[in-house]
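Student: I'd like to learn how to read a two-chain model. Can you walk me through it?

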Amino acid sequence: MKSKLWKIVAAWVVITMLASSAACVTPAEPTKTPAPTQAPTTAPAATKAPQPTAVEPTKAAPTKKIVTFAWTQEPDSLNPWYTNMWFSTTLHQLFLAWAWEFDDKNVPFPRLVTEIPSLENGGVSPDGLTITMHLRDDIVWSDGKPITSADFVFTYDMVMAEANSVTSKYPYDYLESIEAPDERTVVMHFSKPFAAWKSLFWRGILPRHVLEPVFQAKGSLQEAEWNMAPTVGCGPYNFAEWESGSYIRFVKNPNYWGPAPKIDEIYFKIVPDDASQTAALIAGDADVGAFIPLSDVPTLKEKGVIIMVESSGYAEGLFFNFRDMANPGARDLNVRRAIAMAIDREAINRDLLLGLSHAPETLWDPLAVYGYVSPDIVPWKYDPAAAKDLLEKAGWIDRDGDGIRENARGEKLTLVYGTTIREIRQDTQAVIQQQLKQVGIELKLVSQEADIFFGSFSDGAACAVGSVDIMQWSDAPYFPDPDKDYWLCDQIPNADNPWGWNYFGCDPRLDELFKKQLTLMDEKERAKVIQEISKYMHDQVYWYGLWDDPDYWAVNARLTGVKFSGVTPLYNVAEWDVK
Amino acid sequence: MTRYIVRRLLQAIPLLFIISVVLFILMRSSGDPVATLGGRRNPRPEDRQRLTRLLGLDQPLYVQYIYWLIGNDWTMIDVDGDGVVETPGQQKGVLRGEFGTSLVVRGKPAMEVILERIPYTLLLMIVSEVVIIFFSLVIGVFSALRQYSLLDHLITGLSFLGYSMPIFFVALVSMYLFAVEFKSWGLPYLPTGGVFEPQEGNTPLQVALHLVLPVMSIAVVSIAGYSRFVRATMLEVLGEDYIRTARAKGLRKRTIIFLHALKNASLPLVTIVGLDIPMLLGGAVVTERIFAWPGTGRLFLDHVSRGDTPVVMGILMLIAVAVIIFQLITDITYAWLDPRIRYT
């Protein structure tokens with residue numbers, strides 16, 4: 001009997017010890033990010049990533065100034081061309097300076113270049129087909145190697161190489177050619193003017209001396225260690241380590257060519273849950289948080305956490321499908337105008353968004369400072385009586401007394417209203433459904449995961465095949481550039497173009513105006529065309545704004561010098577300090 | 001016994017095949033991996049078309065499954081998009097031990113992505129399991145020995161309370177209480193999440209402190225359930241003839257309870273725990289998310305939402321294999337512990 005008891009105990013001890021030993025020993029090895037072997041080591045301090053493990057803890061000296069971010073999504077790659085995530089690209093300003101960045105007013109300022117090319121300084125040719133950039137003399141990679149025009153040309157070559165299968169070739173596929181006449185000059189040639197260049201080009205460059213050998217050896221950069229461990233960079237901080245699912249750590253770059261950063265180490269701690277992020281900010285376990293839920297803003301303020309709001313061009317709104325397959329109501333301008341008057345946006349902003357936002361009239365309202373919004377726009381006012389009148393006059397009458405209007409052909413004013421599964425969107429759907437019911441419009445609600453909602457035509461995705469009449473999401477132009485190219489007629493999804501992203505319809509006038517503005521290099525001339533677009537789209541109710549969607553940052557009061565930009569949020573991170 | 005083990009293992013092959021087919025079809029039908037690429041702004045149509053082709057997502061579903069299973073290095077694929085296959089494939093396939101490369105962490109082998117997280121998940125889950133078993137036994141035995149006493153009623157009430165509380169609620173309330181409020185009240189407090197605090201470094205003490213709240217959240221609900229189970233089986237065993245005989249022989253109470261009663265009462269627990277062990281690999285999705293614990297549960301959630309078939313299939317197949325192996329081990333252990341059971 002006794003021996004059997006021992007068998008039970010022995011079995012448990014063995015299982016537990018085996019499993020525990022796996023848990024306690026193995027974390028150290030697979031989780032550390034090895035320093036890339038191809039990285040040169042002329043400046044060891046800059047290139048060699050410390051690799052702390054569970055066995056050799058990284059005990060930080062108490063005097064070190066450390067700032068911790070609560071990052072709700074883990075980046076997928078630190079290589080700018082293998083990511084589409086905001087949580088990845090926002091890190092660039094620490095370790096991979098852009099050619100020019102944007103300040104807290106979203107105004108560009110030069111980083112790697114001596115000045116931003118313009119028509120006035122001759123950097124942009126009068127015909128808009130050539131843009132010349134002059135690089136600063138003092139810029140070096142974190143391993144001490146100079147940054148030259150060859151790095152820019154190499155970056156272009158890597159983006160365009162099919163074998164690299166980068167996330168996006170845009171806007172480099174607009175370039176006809178690129179050349180480097182000398183070490184400090186880069187010349188871009190276009191076949192036609194491309195007005196959006198300032199917002200889209202040179203969002204990071206690749207270190208040629210590190211990555212060219214990898215490309216030559218493997219035929220692709222896809223598996224380059226640098227993508228996940230960019231130990232050679234050109235920002236105020238160096239990448240130090242990335243522990244999957246846990247944190248990414250950056251340390252001061254001793255070879256930084258700009259003003260020396262004041263914070264010693266910066267951690268991006270991955271905290272995927274919104275409520276946990278808020279708890280970490282209140283408890284002081286995190287100093288900075290992004291994408292703060294609006295419902296938590298009052299609590300955070302009450303606890304002394306500073307809330308900073310920065311526009312990044314996004315606005316939440318309704319997109320109408322006026323393609324042939326849509327309900328006749330969605331294709332009828334009078335119905336769209338009636339909907340614009342029947343929705344109480346003020347109530348939505350007040351009740352669902354705690355009065356912290358307001359309704360924009362156009363997609364360009366967050367860019368109003370640049371003069372992109374027509375001054376002639378008359379905002380839509382909540383007026384259900386006027387909405388009813390308009391529907392009656394347009395022939396949409398409730399003929400069978402069921403509370404839903406029909407047209408003369410007996411087609412009911414029942415619209416399908418789809419969005420993604422984000423909670424605030426589903427709440428908004430319910431509110432708008434009730435509001436439109438008051439004027440005799442029935443809404444059938446659909447909400448899906450974003451990957452399904454925005455699927456392709458061949459997948460039968462709702463937006464692509466047009467099975468929804470009204471769509472809702474938050475979007476922005478190529479901020480701070482005003483271009484938004486998914487309104488073009490050749491972008492309508494169909495069997496030949498299954499990935500087309502004009503889910504709305506073809507309006508030849510809009511198509512012409514959008515194409516025209518992209519070729520205008522004179523900013524004032526271009527702004528006039530954007531104004532025309534904004535007024536036309538507003539009056540046609542192709543897009544109907546619900547609320548502006550700026551970035552909400554939460555900052556611990558112990559930090560000083562903190563500013564954010566909507567384009568390059570951490571542009572002044574080198575100036576941050578702790579009290 | 002050897003024949004039994006071999007037969008069970010052979011039966012597992014078609015079972016795993018069917019599981020993999022079903023999971024693959026479900027996974028690939030749950031959204032377009034290049035629809036958003038995790039961004040705020042959707043990728044351009046030209047890029048989506050190119051990536052769909054380069055990642056092999058334009059192939060028919062059965063071709064994608066075959067490539068996942070046996071690789072594509074025996075055939076040619078179209079890389080430049082001219083409709084002509086010209087480049088030899090690179091994938092080796094699951095049957096040759098390669099789960100493909102992640103679609104999210106581009107170019108990184110799926111198994112590498114998973115293995116980075118498994119130690120953390122095992123650490124969290126094993127500690128939780130040990131805590132659950134220990135407290136379930138203690139509370140269950142205690143409650144059974146004092147049946148219908150005030151304390152038994154109290155434990156029963158608390159058990160139902162614990163069992164009916166969702167994990168996310170326990171997790172968030174305990175975080176706000178022990179991490180946020182305790183700190184503001186000037187009491188000793190626990191961290192809100194993660195594995196260690198940057199200022200303190202990655203020390204065993206730090207990891208232990210960060211384990212307390214997630215382990216507690218997982219354990220509360222399970223202890224409530226398991227302790228009821230132990231109480232019921234203990235009561236059943238305590239009424240058996242051999243216990244009465246043992247008492248009549250004058251054995252010490254402690255010997256009767258722990259050697260005779262508990263041993264037999266805990267036998268059914270072996271089955272439950274045996275089924276729990278493979279699930280340890282899957283981690284605790286809700287708890288890992290709330291406490292920012294870098295385990296496989298969170299990895300699964302993050303990668304399912306991005307349609308990362310190689311990583312998700314890797315996690316699911318690991319769990320499927322573990323379930324089959326541990327069920328077999330449980331059956332064998334059961335036979336070993338209870339001589340009345342024989343497998344032929």
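Tutor: Start with contact: two residues are in contact if their C-beta atoms, placed from the backbone, lie within 7 Å. Leu124(B) is a case to look at: leaving aside its neighbours within four places in sequence, Leu124(B) touches Leu211(B), Pro214(B), Val215(B), Ala284(B), Trp293(B) and Gly295(B). Before going on, some housekeeping: this is a predicted model, where local features need pLDDT of at least 70, side-chain atom pairs count only at pLDDT 80 or more, and totals for chains, interfaces and linings use all residues. Residues are numbered from 1 along each chain as its sequence is written, while chains are lettered from A and ligands numbered from 1 in the order in which they are written.

Student: What is the average pLDDT of chain A?

Tutor: pLDDT is the predictor's confidence in each residue, from 0 to 100. Chain A averages 89, and 89% of the residues score at least 70. Over residues 1–61 of chain A, though, the pLDDT is below 50, and this stretch has 107 contacts in the model beyond near neighbours in sequence.

Student: How many helices and strands does chain B have?

Tutor: Helices (H or I, at least four residues) and strands (E, at least two) are DSSP runs, numbered from the N terminus. Chain B has 13 helices and two strands. Chain B comes out at 25 Å, well over the 20 Å that the rule gives for 344 residues, so it is more spread out than a compact globule. Its C-alpha atoms fill a box of roughly 90 × 65 × 35 Å along the principal axes.

Student: Which residues does α2(B) bury?

Tutor: Count neighbours: a residue is buried if 20 or more other C-beta atoms lie within 10 Å of its own, exposed if 12 or fewer, and partly exposed in between, with C-beta atoms placed from the backbone. In α2(B), the buried ones are Pro45(B), Asp47(B), Arg48(B), Arg50(B), Leu51(B) and Leu54(B). After α2(B) comes Gly56(B), with a positive phi near 75°. Across the 344 residues of chain B, 42% count as buried.

Student: Where do the two chains meet, and how many residues take part?

Tutor: Chain B brings 65 residues to the contact and chain A brings 72. On the chain B side, α4(B) gives the most, with nine residues.

Student: Which residues have the most contacts inside the largest nonpolar core?

Tutor: A nonpolar core is a set of buried Ala, Val, Leu, Ile, Met, Phe, Trp, Tyr and Cys residues joined through C-beta atoms within 7 Å. The largest has 234 residues, and Phe320(A), Ala338(A), Cys463(A) and Leu124(B) have the most contacts inside it. α4(B) supplies the largest share of this core, 18 residues.

Student: How is strand β8 of chain A enclosed, and what does it pair with?

Tutor: Two strands pair if DSSP finds at least two bridges between them. Six of the six residues of β8(A) (residues 247–252) are buried, so this strand is largely enclosed by the rest of the structure. β8(A) pairs antiparallel with β7(A) (residues 237–243) over six bridges, and Trp242(A) has Ile248(A) as its bridge partner. Antiparallel pairing also links β8(A) to β9(A) (residues 265–270), over five bridges, where Ile248(A) stands opposite Phe268(A).

Student: Which residues does β5 of chain A span, and how many are buried?

Tutor: β5(A) covers residues 175–182 and is hardly covered: among its eight residues, the count of buried ones is zero. Five bridges join β5(A) to the antiparallel β6(A) (residues 185–190), and the two form a hairpin with two residues between them.

Methods
Rg over C-alpha atoms; globule rule 2.2 N^0.38 Å.
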